[in-house]
Amino acid sequence: MPFSAGRPTPDHMTAFDTPPFAFDYDPGAIHYGRGCITDLGDALDERDRDTALVVCGSNVAGNAELMDAVDDGLGDRLAEVFAGTTPDKRLREAARAVERADDLDADAFVPVGGGSSLDVATVASVLRARDLSLDQARTEVAETGGIATPDDPAPLTPLFPVPTTLAGADLSVIAGIAAEVDDGAGGTEVVSTGVGGADLMPEALFYDPTLFETTPEGVLAGSAMNGFDKAIESLYARTRTAVTDATATRAVRLLADGLPTMTDDPAAMDRAVAGVILAQYGISRPGDMTINVIHAFGHGLRDAFGIQQGLAHAAIAPHALRAMADAGVDLSVLAAAFEVDGAGDGAEAESVEAAIAEVERVRDALGLPASLSAIDGVDADGLGEAARVTADDSLLSYAPEAYDLTEADARAVLEAAL
C-alpha cells in the first residue's frame with residue numbers, strides 16, 4: 001500500500017531512502033539578487049495593482065536607505081507608509097492597516113522588514129476581505145480561537161513582501177497575531193492566534209541582499225538563527241520530502257558558509273539571503289509544516305520569559321539535537337548536509353556531534369548566547385512553565401517519527417541549556 005510523508009517509515013528504510021510523497025506547494029514569485037527591488041513596481045503592474053500601502057515598524061520606517069529603495073521601486077504606486085507594526089503583532093495593528101488601506105483605496109500591501117510586518121499585513125488582508133471590524137475579529141477569536149479566511153479569495157489584498165531579516169517567515173501560508181479578548185471576568189487577556197490558508201501566500205517577494213545590509217547587525221543575527229533552524233529541522237521532520245531535503249540541504253550549506261561573515265563580506269551576505277530563501281521553501285504548506293522540536297522550545301521560552309526566538313534557538317538548538325540523537329532519532333541527513341566526517345555511514349554519534357558542533361560554530365560567529373542563563377530575564381524558576389508550553393506545542397506533531405517529547409524531557413533539555 002502506498003504511503004505518504006508523515007506515515008511511519010518501513011523498518012528496512014533509512015533516512016537516506018526516499019518514500020513516496022505528495023508535495024502541494026505554490027509559492028509566490030521569488031525575486032532574488034542585488035537591485036531586484038527595482039522590479040517591485042513592475043510586479044504590481046503585471047498584476048494590475050496601482051496603489052500600495054507599505055506596512056512596517058517605526059525602526060524600519062526610519063531606515064532612510066531602505067525606504068528610499070522601496071520608494072524608488074514603487075514609484076508613483078506608493079500610497080503611504082504605515083509604520084504601525086510592532087514585535088508584539090497585535091490585532092489592532094492589522095485593523096489600523098485596513099483603515100489606512102481603505103482610506104487610500106490601496107489595492108496591495110507591501111510589508112517591509114521582518115516577520116511582524118508580514119504577519120500584520122497578512123491578517124489585515126483577511127480582515128479587509130471579510131469586512132471585519134476590530135471588535136468583530138476579537139469576538140471571533142474569543143469564540144473560535146482563530147480568524148477564518150474568506151471562502152472566496154478574490155477580495156484578499158495581495159502581498160508583495162520586501163524582507164530585510166533572515167528569520168524566513170516570508171514563504172508562508174500562515175500568519176500569527178496576538179489579540180486582546182474578553183477574559184470572561186470583566187477584563188481582557190492577550191491570546192495568540194492567527195490565520196492560515198493557501199490563498200495567503202504572497203504574490204511576489206523581493207530578496208535584495210543590499211537591503212539586508214541596512215539592517216542592524218544584532219537584529220540580523222537573531223533572525224538568522226531562526227532561519228537557520230528552519231533548514232535544520234526540515235531534515236528530520238516526519239513531513240520531510242525529497243524536495244524539502246534538497247532545498248534544506250542546500251540551505252544549510254549556504255547558511256553555514258555565509259552567516260558567519262555576512263556583515264563583512266557582500267558575497268557571504270548573498271549566500272545567506274539565498275540560503276534563507278531555500279530554508280523556508282516548502283516548509284509551510286496547507287496541512288503540513290516541517291518546523292518542529294526546536295521551534296516548540298522557542299515558543300515555550302518566549303511564553304515563559306518573553307525572549308526573542310533567535311536567542312532562544314541559539315541556546316537550545318544544540319541540546320535539543322543531542323536529546324533527539326540520544327533518543328534514537330536518525331540525524332544522518334542533517335549530518336550529511338553539514339558534510340562532516342563520517343556522515344552517510346549510518347549517522348554515527350561522531351558525525352552527529354560534528355554536525356552539532358557546526359551549529360554551535362555558526363551561533364558563536366553570530367555572537368548569540370550559548371546558554372539560557374546568558375539571556376537577560378531567563379532563570380531556573382521559569383523552566384517549568386517553558387517545559388509545559390513546549391510539550392504542548394502543536395508543532396510537535398511534525399517532530400521526527402516515534403519521537404515523543406514529554407514535559408519531563410523538555411525540562412531536562414532546558415536545564416542542560418541553562
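**Surface and overall form**

The chain exposes about 16,800 Å², of which carbon and sulfur atoms supply 46%; accessible areas come from the Shrake-Rupley method with a 1.4 Å probe, and for residues only the protein chains shown count as cover. This is a predicted model, in which local features need pLDDT of at least 70 and side-chain atom pairs count only at pLDDT 80 or more, while totals for chains, interfaces and linings use all residues. Residues are numbered from 1 along each chain as its sequence is written, and side-chain values use heavy atoms, with hydrogens and water left out.

**The chain as a whole**

- The chain has 16 helices and 10 strands; helices (H or I, at least four residues) and strands (E, at least two) are DSSP runs, numbered from the N terminus.
- A compact globule of 418 residues would have a radius of gyration near 22 Å, and the 21 Å of the chain agrees with this. The radius is taken over C-alpha atoms, and the globule rule is 2.2 Å times the number of residues to the power 0.38.
- Taken along the principal axes, the C-alpha atoms of the chain fill a box of roughly 60 × 55 × 50 Å.
- Of the 418 residues in the chain, 53% are buried; buried means under 20% relative accessible area, exposed over 50%, and partly exposed in between (1.4 Å probe, protein chains only).
- Among contacts between residues at least 6 apart in sequence, 77% join residues at least 24 apart, where contact means heavy atoms within 4.5 Å.
- There are 26 positive and 71 negative side chains in the chain, and the centres of the two sets lie 1 Å apart. Lys and Arg count as positive and Asp and Glu as negative, while His and the chain ends are not counted; the place of a charge is taken as NZ of Lys, CZ of Arg, CG of Asp or CD of Glu.

**Helix H5**

- Helix H5 (residues 115-130) has 16 residues, and the 23 Å from its first C-alpha to its last is close to the 22 Å expected at 1.5 Å a residue. The expected span of a helix is 1.5 Å times one less than its number of residues.
- H5 is largely enclosed by the rest of the structure, because 13 of its 16 residues are buried.
- Aspartate 131 follows H5 and has a positive phi, near 55°.

**Helices H9 and H14**

- The 17 residues of H9 should span 24 Å at 1.5 Å a residue, in agreement with the 24 Å between its end C-alpha atoms.
- Buried residues of H9 include Thr244, Asp245, Ala248, Val252, Leu255 and Gly258. Their cover includes H8, helix H10 (266-279), strand S9 (284-285), H13 and H14.
- Among the buried residues of H14 are Ser351, Val352, Ala355, Ile356, Val359 and Arg363. Helix H8 (217-234), helix H9 (242-258), helix H12 (309-326) and helix H13 (332-337) are included in what covers the buried residues of H14.

**Loop residues**

- Lysine 89 lies in the loop between strand S3 (78-85) and helix H4 (91-104). Although lysine 89 is not a glycine, its phi is positive, at about 50°.
- Alanine 402 is in the loop between helix H15 (383-392) and helix H16 (407-417). Also not a glycine, alanine 402 has a positive phi of about 70°, and it is exposed, with a relative accessible area of 77%.
- Threonine 165 belongs to the loop between strand S5 (162-163) and strand S6 (174-182). This threonine 165 counts as buried at 12% relative accessibility, and the residues that it touches, not counting those up to four places away in sequence, include Gly113, Gly115, Phe212 and Ser223.

- Glutamate 65, in helix H3 (residues 64-74), is exposed, with a relative accessible area of 54%. Its C-alpha is 9.8 Å from that of threonine 210, and glutamate 65 and threonine 210 are 145 residues apart in sequence.
- Alanine 417, in helix H16, is buried, with a relative accessible area of 1%. Alanine 417 and isoleucine 316 are 101 residues apart in sequence, and 5.8 Å separates their C-alpha atoms.
- Not counting residues up to four places away in sequence, alanine 417 touches Ala315, Ile316, His319, Ser371 and Leu372.
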